[in-house]
Amino acid sequence: MAGVRFWREFDTRYRMLATRCPQCGLVYFPPRTVCRKCRRSSVGKMEKVPLPPQGTVLSYSVVHQGQKGFDAQVPYVMAMIEFEGGVTVVGQVVDCDPEDVTIGMEVKPVFRRVREEGASGVIHYGYKFAPPCFPVCEDESLASPE
Amino acid sequence: MDVGILSYGIWIPRHRIATEEIARVWGKDGASMAAGLGVKSKSVPTVDEDVVTMSVEAAEMALRRCHFDRVDVGAIYVGSESHPYAVKPSATIVAEAIGATPDMTAADFEFACKAGTAAIQTCMGLVKSEMIKGGFAIGSDTSQGAPGDALEYSASAGAGAFLISSGPGIIARIDHTLSFTTDTPDFWRREGQRYPSHGGRFTGVPAYFKHVVTCGKKMMEAQGTTAEDYDQVVVHQPNGKFPLKAAKSLGFPKEKVETGLLTPRIGNTYSGAVPLGLAAILDKAGPGDRVLVVSYGSGAGSDAFDITVTDAITDYHREGDDLVETRIAFSKFIDYATYAKYRGKILMGDGA
């Protein structure tokens with residue numbers, strides 16, 4: 001049951017909690033229970049830490065042939081997001097058009113539906129990334145109060 | 001003990017569809033539909049947005065703007081008529097996502113468009129009785145209207161989250177709340193039905209206006225106030241016309257309604273409507289400003305709140321992405337076909 005596996009990863013998928021080795025300071029996302037540098041001496045000592053509230057686009061691809069369940073979102077952007085401290089995360093960039101995405105663009109995590117186990121199954125929620133709001137409206141008369 | 005709003009957050013999806021675009025598809029006169037409803041456009045959630053995602057974003061914004069430990073959130077109530085699960089609470093997912101679990105209580109509320117304000121009243125009671133330090137009352141909806149139905153021109157999506165607490169840090173004190181409730185069959189959705197049904201013109205005078213105006217008047221009688229004592233008013237806004245008429249019946253000029261009247265641009269966000277309208281007012285309010293709030297939920301009932309903004313609003317973060325007006329301006333208009341795809345109105349094959 002995929003829902004249970006997903007449930008075990010809520011810290012990671014919902015809140016982007018990483019782990020940090022208290023000895024060398026390396027941060028891991030997805031979390032690791034052992035530091036690859038300090039090895040045995042880090043066992044049982046890894047600390048849960050949140051990632052910084054924003055990152056930048058390191059590189060990206062525009063997906064035109066989407067995975068099952070993503071058909072309604074094509075074309076969509078999958079990007080490598082770099083966070084301060086060296087952690088890089090792959091995720092979908094939403095709330096902007098593919099042509100709006102640039103390398104170096106600032107993004108922040110947003111909580112979204114990621115997939116679902118069919119119409120009667122569990123809904124999987126998790127992080128995606130979005131740029132800060134930028135006031136854009138093609139038709140200003142529709143966005144103005146008057 | 002003063003109880004009130006310690007912080008608040010909002011979420012409005014980026015996509016919009018113009019009333020004229022919906023009217024074009026159904027062979028109606030778009031200009032007269034927009035004028036008749038007082039709705040120029042409405043917000044549209046994408047396929048990865050729902051009541052839970054919007055609630056989480058709104059609650060996260062509220063937490064970012066104040067100093068309140070997540071583990072001290074003692075209650076989360078999500079009011080909505082479009083919860084993604086029929087059985088399984090939205091509130092537990094929100095609680096987990098914002099890091100408030102497990103020493104807290106959570107539940108989903110449903111009362112058409114006023115479930116969010118019912119949640120505010122519940123949180124007030126828990127805070128005032130010192131059962132919790134603070135609790136989230138969230139109004140959030142991705143409402144649906146049947147294709148071609150009058151509701152389709154206004155039913156939209158949005159969320160507002162209010163962190164209710166006590167103490168000197170609250171930015172708005174809730175001086176009083178009361179409700180007016182009857183059994184009125186003006187709007188409903190039976191179990192298993194995809195779209196709601198409504199009583200057409202019956203939704204007006206015997207339903208919306210009776211409850212909103214009576215509840216507003218009862219609040220002013222209880223508080224010994226008139227419209228002149230309030231700087232702003234926000235009432236439920238199923239369209240752009242009803243709230244102006246209801247407010248006028250309560251003695252309020254148009255100028256005191258406009259700041260919190262968002263439906264003309266983002267449609268009726270149902271449980272999110274009054275919370276978002278109140279957020280728009282708080283975005284611009286100053287210390288001492290007094291606000292009358294009257295929600296409405298079909299079925300039917302109204303909750304009224306007499307709110308006074310405190311000095312703490314002066315240092316409260318109110319700029320950039322956090323503002324209602326910023327999120328309204330952050331918009332992209334889509335055509336009806338894209339809207340139909342996003343809202344799951346297209347019958348798909350087995351491979352999808």
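1. A word on terms first: two rings of Phe, Tyr or Trp (its six-membered ring) count as a pair if their centres lie within 6.5 Å. Please keep in mind that this is a predicted model. Searching the whole structure in this way gives 18 aromatic pairs over all chains.

2. One pair to look at is Tyr8(B) with Phe162(B): the ring centres are 6.0 Å apart and the planes meet at 25 degrees, so the pair is stacked. Tyr8(B) belongs to strand S1 (residues 3-11) of chain B and Phe162(B) to strand S7 (residues 157-166) of chain B, so this contact ties together parts that are 154 residues apart in sequence. Both Tyr8(B) and Phe162(B) are buried.

3. Next, take Tyr230(B) and Phe252(B), with centres 6.1 Å apart and planes at 50 degrees, so this pair is tilted. Tyr230(B) sits in the loop between helix H6 (204-223) and strand S11 (232-235) of chain B, and Phe252(B) in the loop between helix H7 (242-249) and helix H8 (263-266) of chain B, so the pair ties together parts that are 22 residues apart in sequence. Tyr230(B) counts as buried because its relative accessibility is 1%; Phe252(B), at a relative accessible area of 3%, is buried too.

4. In chain A, have a look at Phe10(A), Tyr14(A), Phe111(A) and Tyr125(A), which form one aromatic cluster.

5. Lastly, charges over rings. The charged end of Lys245(B) is placed over the ring of Phe209(B), 5.1 Å from its centre. Arg14(B) lies over the face of Phe330(B), with 5.8 Å to the ring centre.

Notes:
Residues numbered from 1 in each chain as written. Chains lettered and ligands numbered in written order. Predicted model: local features only at pLDDT ≥ 70, side-chain atom pairs only at ≥ 80, totals over all residues. Heavy atoms only, no water. Phe/Tyr/Trp six-rings, centres within 6.5 Å; stacked < 30°, edge-to-face > 60°. Helix = DSSP H or I, 4+ residues; strand = E, 2+ residues; numbered from the N terminus. Buried < 20%, exposed > 50% of the residue type's maximum accessible area, 1.4 Å probe, protein only. Lys NZ or Arg CZ within 6 Å of the ring centre and 35° of its normal.
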